[in-house]
Amino acid sequence: MASPLLANIYMHRFIKAFRTYGLDRRYGAVLVTYADDFVVLCRHGAGEVVETTRRWMASIGLVLNEHKTRVCNARCESFDFLSYTFGPMYSPRTGGRYNGAQPSKMAVACIRETIRQQLRPGNQAPWEEVARDLNRAVRGWAAYFCYGSVAKARHSVALHLYSTVRRFLRRRHKVAGSGYRQFPIQDVFGKLGVLSPASCRRRIPAHVFT
């Protein structure tokens, strides 16, 4: 429990210095922080802000993670923050480009791995328990990734979930073949009680609008 507390203490000092020395006014900068992760959005002078930040961190005994630290033009390049990818995207309907956010590739890979682990061949739990644990994981993931362009990621996870559930049930019930006929998608996401992330209602956090 000490690590998050220390992170908040140090980040508070950084946030105070950021405002006291006017980086927001000088560079048109906005500082976004969460625990010990942060992003600085600048209208200009991003390289100078990085160097200033590096000096400040060194003065309080901290070092920036150079593997995660970089300067990019968010109008042309994407970057990841808090498991989201921010940057230029393209509308599948119009083909037009816009700046947006979507679940990162790592975030999609993590929920896919969670699904695989819960539906591992050695899982002998009753189906009701299996479905309950799956739904808890899927509901939590969908609740967090409710901002920005989420439809594509949710659809991808839903297809992976159905495929993995079908294989799990085919093994459990010793069904020959692919199992499509015995366990169709409408039954898996219907009477078998599995929650599809593609059907989760999007709930945008209130702070997004404040």
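## The second largest pocket

A pocket is an open set of grid points, where a 1.4 Å probe fits, with protein on both sides within 12 Å along at least five of seven lines. In this predicted model, the second largest pocket holds about 510 Å³ of space.

Its lining is made up of 18 residues, and those that lie nearest the centre of the pocket are Gln-102, Pro-103, Ser-149, Lys-152 and Ala-153. Strand S4 (84-90), strand S5 (97-103), H4 and H6 each contribute at least two residues to this lining, and the largest share, 4 residues, is supplied by H6. Sorted by class, the lining residues of the second largest pocket are 9 nonpolar, 6 polar and 3 charged.

## Helix H4 beside helix H6

Helix H4 and helix H6 (residues 151-172) have axes that come within 10 Å and cross at roughly 15 degrees. Because angles under 35 degrees count as roughly parallel, H4 is roughly parallel to H6, and the crossing of H4 and H6 is right-handed.

On the H4 side, the contact is made by Val-108, Ile-111, Arg-112, Ile-115 and Arg-116, while H6 brings Ala-153, Ser-156, Val-157, His-160, Leu-161 and Thr-164. The residues of this contact between H4 and H6 comprise 6 nonpolar, 3 polar and 2 charged.

## Helix H4 beside helix H5

The axes of helix H4 (residues 105-118) and helix H5 (residues 127-144) also come within 10 Å, but here they cross at roughly 175 degrees, and H4 and H5 are therefore roughly antiparallel to each other.

In this contact, H4 takes part through Ala-107, Val-108, Ile-111, Thr-114, Ile-115 and Gln-118, and H5 through Asp-133, Leu-134, Ala-137 and Trp-141. The residues of the contact of H4 with H5 fall into 7 nonpolar, 2 polar and 1 charged.

Methods. Residues are numbered from 1 along each chain as its sequence is written. This is a predicted model: local features need pLDDT of at least 70, side-chain atom pairs count only at pLDDT 80 or more; totals for chains, interfaces and linings use all residues. Side-chain values use heavy atoms; hydrogens and water are left out. Axes are lines fitted to C-alpha atoms, for helices over the stretch in contact, and angles run from 0 to 180 degrees between N-to-C directions. Angles under 35 degrees count as roughly parallel, over 145 as roughly antiparallel, 65 to 115 as roughly perpendicular and the rest as oblique. Contact means heavy atoms within 4.5 Å. Ala, Val, Leu, Ile, Met, Phe, Trp, Tyr, Cys and Pro count as nonpolar, Asp, Glu, Lys and Arg as charged, and the others, Gly among them, as polar. A crossing is left-handed if the near helix is turned anticlockwise from the far one by less than a right angle, and right-handed if clockwise. On a 1 Å grid over the protein atoms alone, a cavity is a set of points where a 1.4 Å probe fits but cannot get out, and a pocket is an open set with protein on both sides within 12 Å along at least five of seven lines; lining residues have an atom within 4 Å of a point. Grid points are joined across faces, edges and corners, and a volume is the space filled by probe spheres set on the points.
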